[in-house]
Amino acid sequence: MKILPTRLPGVLVLEPKVFGDSRGFFFESFNRRVFAEATGMELDFVQDNHSRSAKGVLRGLHYQIKQPQGKLVRVVRGAVFDVAVDLRRSSPTFGQWAGTELSEDNQRQLWIPPGFAHGFVVLSESADFLYKTTDYYAPEHERCVIWNDPDIGIDWPLRNPLLSGKDQAGRAFTEAEVFA
């Protein structure tokens, strides 16, 4: 596995070692020992999630203020532009974002530690998005920062995404509950 840093310390792009030939390919999407050796982190993932979204759907920017989740995310069909936003007030990168394309072709994964908001927008006709979490989903603690907040200034690759009601009602960054 190859680890690529992002502009946010702790948010990492992971490139698995892919073995391919004319028949197809094989790679380990997760190996606890390899992950720990590559990142220095030993994590316990407690939940796996799978979402499918149509082109132009934007999900996020989501986080849990209590029971914060670390997420290891990847795309198994299609392509997305994936984003993490630092919501840790004590961090030197508080309010900053990092983004990368994840796709079935590049097979990259993104590690987003607890304390960050997360979102993505679908670039392909549809996308199947898989992610592992370090804590359970707790809807009572879920929060959402509005996707196009000018104080964060994410350079999304589209202007008019398809949003859920929850995502349309996201809070401004300056009004959001954040981490210490």
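The legends below describe close-up views of a predicted model. Residues are numbered from 1 along each chain as its sequence is written, and side-chain values use heavy atoms, with hydrogens and water left out. Because the model is predicted, local features need pLDDT of at least 70 and side-chain atom pairs count only at pLDDT 80 or more, whereas totals for chains, interfaces and linings use all residues.

View 1. His62 lies in strand E6, where helices (H or I, at least four residues) and strands (E, at least two) are DSSP runs numbered from the N terminus. Not counting residues up to four places away in sequence, His62 touches Lys71, Phe116, Ala117, His118, Glu142, Arg143, Cys144, Lys166 and Asp167, contact meaning heavy atoms within 4.5 Å. With its neighbours within four places in sequence left aside, Tyr131 is in contact with Gln47, Asp48, Asn49, Lys71, Leu72 and Val73.

**View 2. The largest pocket and the residues around it.** On a 1 Å grid over the protein atoms alone, a pocket is an open set of points with protein on both sides within 12 Å along at least five of seven lines, a cavity is a set of points where a 1.4 Å probe fits but cannot get out, and lining residues have an atom within 4 Å of a point. The largest pocket holds about 330 Å³ of space, a volume being the space filled by probe spheres set on the points, with grid points joined across faces, edges and corners. Its lining has 20 residues, of which Asn49, His62, Lys71, Tyr131 and Glu142 lie nearest the centre. Strand E5 (47-54), strand E6 (58-64), strand E11 (116-122) and E12 are the elements that give two or more residues to this lining, and the largest share, 5 residues, comes from E6. By class, the lining of the largest pocket divides into 5 nonpolar, 11 polar and 4 charged residues, where Ala, Val, Leu, Ile, Met, Phe, Trp, Tyr, Cys and Pro count as nonpolar, Asp, Glu, Lys and Arg as charged, and the others, Gly among them, as polar.

View 3. The residues that line the largest cavity include His62, Tyr63, Lys71, Phe116, His118 and Phe179. E6 and E11 are the elements that give two or more residues to this lining, and E6 gives the most, with 3 residues. The lining of the largest cavity has 6 nonpolar, 5 polar and 1 charged residues.

**View 4. The second largest pocket.** This pocket has a volume of about 190 Å³ and is lined by 15 residues, of which Met1, Pro16, Lys17, Glu28 and Val34 lie nearest its centre. The lining of the second largest pocket divides into 10 nonpolar, 3 polar and 2 charged residues.

View 5. In helix H1 (residues 32-39), Phe35, Ala36 and Thr39 are buried. They cover an arc of only 95° around the axis, which puts them on the same side of H1; the arc is that of the directions from the helix axis to the C-beta atoms. An α-helix has 3.6 residues a turn, so residues three or four places apart point the same way. The face turned away from the buried side of H1 carries the exposed residues Arg33 and Glu37. What covers the buried residues of H1 includes strand E1 (2-5), strand E2 (12-15), strand E7 (71-77) and strand E10 (109-112).

View 6. His141 lies in the loop between strand E12 (126-133) and strand E13 (142-144), and counts as buried at 16% relative accessibility. Residues up to four places away in sequence aside, His141 touches Tyr63, Gln64, Ile65, Lys66 and Gln67. Glu104, in the loop between strand E9 (97-103) and E10, is partly exposed, with a relative accessible area of 37%.

Methods. Buried means under 20% relative accessible area, exposed over 50%, partly exposed in between (1.4 Å probe, protein chains only).
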